[in-house]
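Hello,

Here is the structure for your files. My notes on its aromatic rings follow below.

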Amino acid sequence: MHFFKSCLTITLTVISTTLFAQMPGGQGRGQMGGGQNLNLGHFYGKIIDSTTSKPIDAASVQLIQNRLDTMTKKRRDMVVGGMLTTKKGEFSLENVNIMGQYKLKITAIGYKSHEAKISFQINFANMKNSNGDMSSMLNAVDKDLGNIKLEVDAVQLQNVTVESSKPLLTMNIDRKVFNVERNLNSVGGTAVDVMKNIPSVNVDIDGNVTMRNAAPQIFVDGRPTTMTLDQIPADAIASVELITNPSAKYDASGGGAGILNIVLKKNRKAGYNGNLRASIDSRARPGFGGDINIKQQKVNFFASGMLGIRKSKSEVSTERTDFFSTNTAHAVQNNNPVNNGYFAFGRLGMDYFLNNRNTFTIGGSAVRGHFKTNDFLTSQNDTSYSSLKTSELSTRTSSSIGNFRNYGSMLSYKHNYAKSGKELTADFNFNYSKNDNESDNLQQQFTSGNTPKGLNLFQNTTGGGETKYATVQSDYANPITDKIKVEAGVRAAFRQFTSFNTIINVYKDGQGQSFYGSNTITDYKFNDAVYAAYTTFSQQLKNFTYQLGLRVESSKYDGNLLTKNQTFSNSYPFSVFPSAFFTYKLTDKQDMQLNYSRKINRPNFFQLIPFIDVTDPLNISKGNPNLVPEFTNLAELSYQNQFTNKHSLLTTLYFRNTTDLITRYQYRDVNPNPAISDSATFNTYANANSSFTYGLELTLRDKFIKWWDLSTNLNLYQTQLKAGNIPGSADQSQVSWFAKVNNNFKLPKNYSVQLSGDYQAKTLVPSSSSGGGRMMGGGFGQAQPGAQGYIKPNYGVDIAIRKDFMKNNTASLTLQMSDVFRTRLSASHAESSYLIYDTERRRDPQLMRLSFNWRFGKLDVSLFKRKNMKGEMDSMQNAQQGMGN
């Protein structure tokens, strides 16, 4: 009995045969440890007149099962469920045992009786070979019997699939699914902490994400988002999908790095269900969160919220050499910024089930954050002339305050046709974000004898901006036969962005007298729009399956630098993005796939804003409004082998070619603050000619013994960057590798341990990071190198331990530590004809967090199929606890 209870944690993201492999004949019995554990099924349909097709009101629908009579000790037919149809002829039978064999009996006055055998039959092939389409797999337990005509034979029911306890990582040939609920190292953190533990994903010290050494597109619940990763609580995430080469069905944006789809949790279980969380870290910063779900008849209401208090400490060290026409300047900087603040996250929504086949969903989210950063930077500066060397010391004291707000809303509709798998969806999403910030800086210079020198610079910077982002989309899917499927859809996306920045510089002497000052004002706005349509056609021919897709997009961008009355624009009226996927099933355990797609990566607003940040007078950053999109051709050859239910391997050879690649670079120009120096280094973005990446990625899942799971990812690749068209840059080539290991140990007395580590070898970073952060002006080493540099090797180890307790393990305590050995050091090198710099940064090493989680709830999987999920694969966490009640 203990075996069944431990395995029956029903999920949306993984298909496992573990439960059935240990059952005689591959099937389980209906009553397990309490009789309620498998009552998850849902049959529904509509009774109509075979001649007029009108609905039949008050028809009797009975679900009958042959059972053992405990009184007579003989088997006989018993009614286990039933109802009278509504005025629309609809019926719905819930809480059906998914392992049973049934007879459906329908009677109505004036009509012939109708009987049909129905059951939830387990299909091992479907379970094993599913490519991660959670919506279709949930047809298994949420079954539409279609329109039943009383005078004809029963419709043939499709086989169903049952999903069991989900592992940390599920591998399919077209995607990987990472189960966040089993990831101990991210409890109480943000999406950045989640990404640190996902195979194939590399996260730098600032939370910027790369996948196969390029920046992926970040989605939330199947849609692009304006939220950054550090604005999404880890405890609100159910799973993350890694789609390395999306088909034409998905947005072409994001370049060739694929999509990271963050699936948020949504408890959607019958009755009143909830989850309460609390945490505190080693800096005494607490966090609180919870969620609630209420299902009553046709309405399912869900809400969640979280408040996190944060304190982040960094150590930054930079060494820099500047080459001028008459001298060489060498500087060593050190600073330790401290960031304090909070962020709050809230989400609520409602599903309304109009009837068995039509569902409306409305939802919204709100994120708010406030952070304050204090920093003190020292710089030892040595200047060498032909026959003279001078030394001086400079300091910068800074304090900044930043606020951000993000509001999202969505309205969706889903219609399920009587034909299984045929569906129509439509949805509207609107997102609004706003930020504002202010900083004060005092820069002072001293002689080598620590005597004040020259003028002090008092600098005040204020800025902010707004983003409005709206999408409208509709999708249609029709399985023409069980071997042929057609999909099509349309989409429109609109974005409006405004930004303002003001810098006030005042120079004072030692007595505080002001001599002169300067002001810099930047006011910028832009609009862009993308219109798209796609269609895909897939067919299975015995062991061979193919999918052909075509996506057409039209895009336009218009920018306006209001302070200088300058306009910028680019337009691509007609861009074609084909995709092709060919899969061959070698054996029941082996598959091969060849795929190709074309993608586009449009510059983001941080890269486009022509705002000049002069916080560091010798290292000025600005955007480039003249950037154009980059286009990528991506191809993969994958091989998957499910050796046993304990060992699997996914091998992928990949190739990526990008033209007009957006990359960082530095150049020398006149300093806007001539009192500091005549010239300065500018950090900005430019379009390089092209880049080529060749790679081999290996992902393994192993369960060597019943208490140890191991996930291993290794990525070997070579990057060639053709950047000779950018002044001061040259072509580069680098062979590199990345590895990540995740160990999960299940120990006695409900203890579990997770130990993970990663290593990134020296690598180029040709394309900009996806974290959405503009190059920081707080220190000249903080800009990551692009066309003129590389990232130095770095590695780190994280650990977490969890104890489950209370009845049915509904509560847990988790203790975690990040960067256990204090080795995660972000270091980079950049070099050109006028500059060499090296920087090292360490952030929040050996940070500990203790988290408490209390869960309760029961399961009602019938909600899922009828919801317009759009790749959500909503969480069904705590099913085991709920089923044991």
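Phe582 has a relative accessible area of 32%, which makes it partly exposed (buried is under 20% relative accessible area, exposed is over 50%, and partly exposed is in between, with a 1.4 Å probe and protein chains only). Phe544 is also partly exposed, at 29% relative accessibility.

This is a predicted model, in which local features need pLDDT of at least 70 and side-chain atom pairs count only at pLDDT 80 or more, while totals for chains, interfaces and linings use all residues. Residues are numbered from 1 along each chain as its sequence is written, and side-chain values use heavy atoms, with hydrogens and water left out.

Rings of Phe, Tyr and Trp (its six-membered ring) pair if their centres lie within 6.5 Å; planes under 30 degrees apart are stacked, over 60 edge-to-face, and the rest tilted. That rule gives 23 aromatic pairs. Phe544 and Phe582 are a stacked pair because their ring centres are 6.4 Å apart and their planes lie at 10 degrees. Phe544 is in strand S27 (residues 544-561) and Phe582 in strand S28 (residues 566-585), so this pair ties together parts 38 residues apart in sequence. Strands are DSSP runs of E, at least two residues, numbered from the N terminus.

Phe577 and Phe631 are stacked too, with centres 6.4 Å apart and planes at 15 degrees. Phe577 is in strand S28 and Phe631 in strand S31 (residues 630-644), so the parts they tie together are 54 residues apart in sequence. Both residues, Phe577 and Phe631, are buried.

Ring pairs also join Phe497, Tyr524, Phe526 and Tyr557 into a cluster.

Regards

Note on methods
Helices (H or I, at least four residues) and strands (E, at least two) are DSSP runs, numbered from the N terminus.
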